[in-house]
Amino acid sequence: MNTHQSPRALDLLFPTPLHIEEREGSYRLHHTTTIAASPPFETLADTAAQLLGCKRGGEDILFKHEPNLEDEEYRLTISKVQIVVAAATVRGAFHGLSAVRKLALLNDNILPACKVSDKPAFVWRGFMLDCVRHFFSVDFIIKLIDVASLFGMNRFHWHLTDDQGWRIPIDGWPRLKEVASKRTELQYLDGRTYGRMYTKEEIARVQQHAHSRQMLVIPEVETPGHVSALLAAYPEFGCSGGPYEVQDRWGIFDEVLCAGNDAVLDFFDDVIAQVAALFSDPYIHIGGDECPQAEWERCPKCQERMKKEGLSAERQLQSWLTSKISAMVHARGKRPIGWDEVLDGTEEMGLPQDLIVQSWQGVRGGIEASRRGHQVIMSPNTQGCYFDYRHLDSAEEMGNLGVSTLHQVASFTPIPADLDEDAKRMVLGAQGNLWTERVLSSRQAEYLLFPRLFLLAQQLWNPQGPEKNLAKLDLLERYCAHLDLSCYRGRSK
Ligand SMILES: [Zn+2]
């Protein structure tokens, strides 16, 4: 029996769990509620006590080690007298804790009795924030990590270098901070500047927080295009030698890294080494998108490089550089990820096999890469994964370049229909990307992210399809209200 005073767990939880069984009664969370944990979950139990406003001690809430469960799987049992989260790993136990938090958040700390058995469909469940086009504070990034992880997301892709700024501190290259980290705002005549670098302490804070929420952080260093800010600081790394500006306009710029200059490779070897030391997780994103080749055609050094390496076309310079940068990433014990243009010009040369390809220009690149044996992250701009796009095709909506409706995200699946079984296994999951050319503040970012990020989280956790997902929009708005998030409340298509 369900009265309005006792909502079912199924009506409160999002993403919808795989299996859920409603039980009689409820458990009331209170500041005297106690938490205990089996050894692998001691630290998580401390986090749980802090997040739920409870204290360590007795076994009102118990995190139990259940080694037979899968990596991210959890079992949650809520009775009138106790809450038990069982999992094999801290990751699994964290998802159980998230379910408890969501029930408490929406129902005033009264948790409906239930039995949940749950695990995610895809291992890569991510979001990207562009912190170059506009700078976002560590406090906001931490807020997003909190919210995304509460809904089962586990990857934060941090876009840190581009034409309009360089935001990673690198020792020994002082002009990155002095020049590349800020730009002159062209719309003002008083020479005011915009932007700054993150400090090493801030980067450590973001990672520490992400790791406490079972989320990996993937830094992105753009190569070989989208490097105007770097070239403004070190013009010798460009084909023409400059002068270059840190751009305050949006688009794709012809100025790219000179593939014929060994000093460029030495610089990136140092950068990758320092980024690998600064970020403890296993991946470094090396960009690779939108790199025009006009300068390479004109540049004697690039032409010389092609001759020396036996390359027949400029587009092969891109794959030559991708191989070089990937090797630097490998040498530091990390795995490279590149946007789908890394497939260009690889007909003869191939690509380093462990390079993960992120498909953004639709799913074409992802399909090709997976057939060629590369692992793939899907974030097709054609299927709702570009959160900088408008929610609706209307000039009244904020957003840039295209449209990603709620319906599209609610229907999205990372696996294209015509993939064969071997290729399917190469698809790790997906990401929603927020580029921020026209996103000036965190409130605007939230409006674009929510509820699309939640819908994507559902599709990566336990795909439901548009009808069931869109029936939950009221619930998602309630979450936004409780979590202090601006969100879009308009039509779904
Ligand atoms: Zn050149």
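Modeller: Let's start with a term we will need: two residues are in contact if their C-beta atoms, placed from the backbone, lie within 7 Å. Please also keep in mind that this is a predicted model.

Biologist: Thanks! Then what covers the buried residues of α15?

Modeller: Helix α15 spans residues 442–449, and six of its eight residues are buried. Those are Ser442, Ala445, Glu446, Tyr447, Leu448 and Leu449. The elements that cover them include α4, β19 (427–434) and α16 (452–461).

Biologist: You mentioned α4. Are α4 and α6 roughly parallel or antiparallel to each other?

Modeller: Helix α4 covers residues 138–150 and helix α6 covers residues 200–212; their axes lie 10 Å apart, at an angle of about 15 degrees. Angles under 35 degrees count as roughly parallel. The two helices, α4 and α6, are therefore roughly parallel.

Biologist: And is the crossing of α4 and α6 left-handed or right-handed? How do the residues of their contact divide by class?

Modeller: The crossing of α4 and α6 is right-handed. On the α4 side, Val138, Ile141, Ile142 and Ile145 take part, and they meet Glu202, Arg205, Val206, His209 and Ala210 of α6. Sorted by class, these residues are six nonpolar, one polar and two charged.

Biologist: Now for a strand. Which strands pair with β15 in the parallel sense?

Modeller: Strand β15 runs over residues 283–287, and five of its five residues are buried, so it is largely enclosed by the rest of the structure. It pairs in the parallel sense over two bridges with β14, residues 216–223. Over three bridges, again in the parallel sense, β15 pairs with β16, residues 335–339. The strands you asked for are β14 and β16.

Biologist: Finally, which residue in β16 is the bridge partner of His285?

Modeller: His285 belongs to β15, and Glu220 stands opposite it. Turning to β16, the bridge partner of His285 there is Ile337.

Technical notes. Residues numbered from 1 in each chain as written. Predicted model: local features only at pLDDT ≥ 70, side-chain atom pairs only at ≥ 80, totals over all residues. Axes fitted to C-alpha atoms, helices over the stretch in contact; angles between N-to-C directions. Helix = DSSP H or I, 4+ residues; strand = E, 2+ residues; numbered from the N terminus. Parallel < 35°, antiparallel > 145°, perpendicular 65-115°, else oblique. Left-handed = near helix turned anticlockwise from the far one by under 90°. Nonpolar A, V, L, I, M, F, W, Y, C, P; charged D, E, K, R; others polar. Buried ≥ 20, exposed ≤ 12 C-beta atoms within 10 Å, placed from the backbone. Pairing = 2+ DSSP bridges.
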